[in-house]
Amino acid sequence: MAEAGAADQVANLHLDEVTGEQVSKSELKKRQKQRQLEDKKREKAAAAPPKPKAPKSEEEEESQLTPN
């Protein structure tokens with residue numbers, strides 16, 4: 001009977017194609033959803049225009065100078 005329970009657990013595992021791991025269906029869905037969110041964030045960041053650097057004031061520049 002213990003062998004049948006182990007066989008059932010193996011049958012319920014699914015291959016995560018990115019990592020090559022055998023994981024449960026719910027874990028696989030979590031990973032796929034997380035990857036989709038990360039992809040959307042990357043696309044959004046790539047589509048956003050680069051932020052211009054604010055010009056520093058002379059006082060800030062002088063404060064960063066070393067005494068050498």
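Predicted model: local features only at pLDDT ≥ 70, side-chain atom pairs only at ≥ 80, totals over all residues.

Colleague: With which residue does the side chain of Arg35 meet in a salt bridge?

Modeller: Side chains of opposite charge can pair when their charged atoms come close. Here the side chain of Arg35 forms a salt bridge with that of Asp16, at 2.8 Å from N to O. Since Arg35 belongs to helix 2 and Asp16 to strand 1, the pair ties together parts that lie 19 residues apart in sequence.

Colleague: Is Asp16 buried or exposed?

Modeller: Asp16 has a relative accessibility of 1%, and therefore counts as buried. The residue sits in strand 1, which covers residues 13-16. If neighbours within four places in sequence are set aside, Asp16 is in contact with Glu21, Val23, Leu28, Arg31 and Arg35.

Colleague: How should I read the pairing of Asp16 with Arg31?

Modeller: Arg31 forms a salt bridge with Asp16, and the closest N and O atoms are 2.9 Å apart. This pair, too, links distant parts of the chain, with Arg31 in helix 2 and Asp16 in strand 1, 15 residues apart. The side chains of Asp16 and Arg31 are also joined by a polar contact of 2.9 Å.

Colleague: What separates Arg31 and Glu27 within helix 2?

Modeller: An α-helix has 3.6 residues a turn, so residues three or four places apart point the same way. Arg31 and Glu27 are 4 residues apart in helix 2, which means that about one helical turn separates them. Their side chains meet in a salt bridge of 3.1 Å, N to O, and Glu27, at 29% relative accessibility, counts as partly exposed.

Colleague: Which residues are linked in the network of salt bridges?

Modeller: The network of salt bridges links Asp16, Glu21, Glu27, Arg31 and Arg35, while the structure as a whole holds 6 salt bridges.

Colleague: How does the span of helix 2 compare with the span expected for its residues?

Modeller: Helix 2 runs over residues 25-47, and its 23 residues reach 33 Å from the first C-alpha to the last, close to the 33 Å expected at 1.5 Å a residue. As for its cover, helix 2 is hardly covered, for the count of buried residues among its 23 residues is 1.

Colleague: In which sense do strand 1 and strand 2 pair?

Modeller: Strand 1 and strand 2, the latter formed by residues 21-24, pair in the antiparallel sense over 4 bridges.

Colleague: What share of the residues of the protein counts as buried?

Modeller: Of the 68 residues of the protein, 4% count as buried. The accessible surface comes to about 6800 Å², and 53% of that surface belongs to carbon and sulfur atoms.

Methods. Residues numbered from 1 in each chain as written. Heavy atoms only, no water. Helix = DSSP H or I, 4+ residues; strand = E, 2+ residues; numbered from the N terminus. Buried < 20%, exposed > 50% of the residue type's maximum accessible area, 1.4 Å probe, protein only. Polar contact = N/O pair within 3.5 Å; in protein donor to acceptor, adjacent residues only side chain to side chain. Contact = heavy atoms within 4.5 Å. Expected span 1.5 Å × (residues − 1). Pairing = 2+ DSSP bridges. Areas by Shrake-Rupley, 256 points an atom, 1.4 Å probe, with all protein chains shown as cover. Salt bridge = Lys/Arg side-chain N within 4 Å of Asp/Glu carboxyl O.
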